[in-house]
Amino acid sequence: MGIRILGTGSYLPPKVVTNDDIAHSLDTSDEWIYSHTGIHSRHVAGDGESTSSMAAEAARKAMEAAGVQPEEIGLIVVATSTPDYNPFPSTACLVQGLLGCVNAGAFDLQAACAGFVYALEQARGFVNFYPGKKALVIGAETLTRILDWSDRSSCILFGDGAGAVVLGNDEPPGVASLKTKAHTLLGADGNGSGFIQRTGGTRMALPINADTGVPLKAAPVLPELTLQGHDVFAFAVRTLSKVSRDLCELLGTKPEELDRVFAHQANGRIIEAVARRMKLPLEKFWLNLETTANTSAASIPISLDQAVRAGELKDGMKIVMVGFGAGLTYAGTYCTWPNL
Ligand code: UT7
């Protein structure tokens, strides 16, 4: 069997905010948002919900689907750009505590919307060399808490949620990766770091007390996301189609042989453009952003779980998972479901 996804799970908060709801307080409309993005509504975390609580819920469902107990988990990786704390303690540690995964190491991974594929690759390396242990790979975000809700060009795009998978491996250490027909490409372009940013961080020096030379307490900075939509759009179309095609070429598969593409759900028009470039029918692309909007690192695992539970992702299907995001980052995995 080798390295395999043993189970999937996802969680979307019950509170839904529609485009019409946003249009009550912003100069926008459902017509504009839907025609420019394919989004009608998004889920928004409520009181008592956070990135860690949603991540734990998605992970519980994935462990249940996999038939795996918390003690069997040896690693928890949470891909997120919106951790409960910024940045420590890690959300993965909070999840480890919530789930009682007493034998698991835990860390967060930040590669923005491409984070889930990066995390999957980390966990794949782990189970490859520690086959007795299972890994939980989670993408979870509470993006609605870092948006500038007065900026109509960015706040309409995002939503909250979490998705998770459990990875396992029954080959001896190091053997599975030699046999696998899966492949992953990870990439980045730091020159585009200004295209999507979150305010705050440590790049600005603290004010200094002129008399003592000792730094003063920092003024609080609201976490806010800024976006250069056009530049990101062009980068997304270019990289999603290139990574998918490159993966097919590496594995000796023609793109038309793919059964499903799970592309990061940022904008329906981006996915349509990628489908055109790859000369694939749009029906091969999983689309859920009409009701989820962009959930960043959670978008691919939420899509996988929805497809599995809808019976639309079957064993043996050739799939590509491909994402892009702030950094800029991009990442894709080709596999024959559910083997990695
Ligand atoms: O996961 C990574 C993050 N995702 C992304 O970065 C998404 C990538 N980019 C996009 O999805 C698109 O670029 C947007 C949806 C953000 C913008 O769509 P667009 O077709 O590129 O619109 P635009 O920025 O060219 O704006 C066209 C017009 C502008 O008005 P003027 O200057 O032509 O008068 C905007 O002010 O539409 C206006 N506009 C809006 N109008 C109504 C921008 N946002 C809105 C809005 N409602 N929500």
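**Close-up 1. Helix H3 and the glycine after it.** Gly67 follows helix H3 and has a positive phi, near 65°. The model is predicted: local features need pLDDT of at least 70, side-chain atom pairs count only at pLDDT 80 or more, and totals for chains, interfaces and linings use all residues. Residues are numbered from 1 along each chain as its sequence is written, and side-chain values use heavy atoms, with hydrogens and water left out. Helices (H or I, at least four residues) and strands (E, at least two) are DSSP runs, numbered from the N terminus. H3 covers residues 51-66. At 1.5 Å a residue, its 16 residues should span 22 Å, and the end C-alpha atoms are 22 Å apart, which agrees. The expected span is 1.5 Å times one less than the number of residues.

**Close-up 2. The buried residues of H3.** Buried means under 20% relative accessible area, exposed over 50%, and partly exposed in between (1.4 Å probe, protein chains only). Thr51, Ser52, Met54, Ala55, Ala56, Ala58, Ala59, Ala62 and Met63 of H3 are buried. The buried residues of H3 pack against strands S1 (3-11), S4 (73-79), S6 (134-142) and S7 (160-169), and against helix H4 (91-99). Contact here means heavy atoms within 4.5 Å.

**Close-up 3. Ala104 in its loop.** Ala104 sits in the loop between H4 and strand S5 (105-109). Ala104 has a relative accessible area of 13% and is buried. Leaving aside neighbours within four places in sequence, Ala104 contacts Ile73, Gly74, Leu75, Ile76 and Gln96. Asn128 is 24 residues from Ala104 along the chain; their C-alpha atoms are separated by 16 Å.

**Close-up 4. Helix H7 against helix H8.** The axes of H7 (residues 229-250) and H8 (residues 268-278) come within 9 Å and cross at roughly 40°. H7 and H8 are therefore oblique to each other. H7 contributes Phe233, Ala236, Val237, Arg238, Leu240, Ser241, Ser244 and Arg245 to the contact, and H8 contributes Arg269, Ile270, Ala273, Val274, Arg277 and Met278. Axes are lines fitted to C-alpha atoms, for helices over the stretch in contact, and angles run from 0 to 180 degrees between N-to-C directions. Angles under 35 degrees count as roughly parallel, over 145 as roughly antiparallel, 65 to 115 as roughly perpendicular and the rest as oblique.

**Close-up 5. Helix H10, mostly covered.** Eight of the 11 residues of H10 (residues 299-309) are buried. They are Ser299, Ile300, Pro301, Ile302, Ser303, Leu304, Asp305 and Ala307. These buried residues pack against S1, helix H5 (115-129), S6, S7, strand S11 (260-263) and strand S12 (318-325). Gly311 follows H10, with a positive phi near 75°.
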